[in-house]
Amino acid sequence: LLGRIADHDRADRIATEATDLSTDAASALYIRARLAGRFHRFKEAGGLLDRALAAGYPEREVDAERAALLQATGRYAEALTLRRGLAKDDPGIHTLGALASLLAEMDRWAAAEASYAAALDADTGVSPLPCGQLLFEWGVSAMRRGELDRAEALLGELDAILPQHVPGRGHRAEVALARG
């Protein structure tokens with residue numbers, strides 16, 4: 001949200017070095033998998049997740065990251081199976097929000113709306129970032145559907161809790177332009 005590409009590159013280098021130095025290779029492999037996925041190196045990320053799981057990294061966290069990889073590569077049915085299981089086992093803002101995001105990508109709007117609302121209701125944290133990210137994704141989803149009033153309302157909520165969210169402000173301006 002506020003970082004720079006150079007920060008991610010540095011984190012990638014550190015995680016790679018940590019794999020060789022750490023006694024907790026599973027965690028280092030998992031971190032490397034997440035970074036590879038973030039930079040769209042999906043095949044590499046999948047292999048690293050397999051290695052992290054084999055090294056003892058928790059299956060639940062590997063499944064969450066694997067669901068993200070499947071979603072990013074358009075393998076929605078497989079991602080949906082994982083996301084539903086994760087949300088059922090631990091119905092929190094992250095699992096329900098990820099399910100909502102996938103459902104929206106699959107054009108299953110009613111189910112996505114319900115999951116977005118459930119995710120916000122499940123938020124018990126003190127940081128505005130998870131809620132802010134969820135509102136941003138929900139607002140962009142409404143924009144894609146052409147529901148500009150809904151998008152404005154959601155992005156307005158985002159602005160109320162995280163006024164410096166630059167992408168949210170940009171999309172809110174897009175909505176304003178589209179509405180004249």
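Trainee: Which residues in H10 are buried, and what makes them count as buried?

Mentor: In H10, the residues Gly-168, His-171 and Val-175 are buried, a word that stands for under 20% relative accessible area, with exposed meaning over 50% and partly exposed lying in between (1.4 Å probe, protein chains only). This is a predicted model, in which local features need pLDDT of at least 70 and side-chain atom pairs count only at pLDDT 80 or more, while totals for chains, interfaces and linings use all residues. Residues are numbered from 1 along each chain as its sequence is written, and side-chain values use heavy atoms, with hydrogens and water left out.

Trainee: How do you know that the buried residues of H10 line one face of the helix?

Mentor: Seen down the axis of H10, the buried residues fall within an arc of 70°, so they line one face; the arc is that of the directions from the helix axis to the C-beta atoms. An α-helix has 3.6 residues a turn, so residues three or four places apart point the same way. The face of H10 turned away from the buried side carries the exposed residues Val-166 and Leu-177, and what covers the buried residues includes helix H8 (128-144) and helix H9 (148-161).

Trainee: What makes the span of H10 close to the expected one?

Mentor: The expected span is 1.5 Å times one less than the number of residues, and H10, with 13 residues (166-178), reaches 18 Å from its first C-alpha to its last, close to the expected 18 Å.

Trainee: Why is Ala-122 called partly exposed, and which residues does Ala-122 touch?

Mentor: Ala-122 has a relative accessible area of 22%, so it counts as partly exposed. Ala-122 is found in helix H7 (residues 109-122), where a helix is a DSSP run of H or I with at least four residues, a strand is a run of E with at least two, and both are numbered from the N terminus. Not counting residues up to four places away in sequence, Ala-122 touches Pro-91, Gly-92, Ile-93 and Leu-96, contact meaning heavy atoms within 4.5 Å.

Trainee: How do you know that the chain is as compact as a globular protein of that length?

Mentor: The chain has 10 helices and zero strands. Its radius of gyration, taken over C-alpha atoms, is set against the globule rule of 2.2 Å times the number of residues to the power 0.38; the value is 18 Å, close to the 16 Å that the rule gives for 180 residues, so the chain is as compact as a globular protein of that length.
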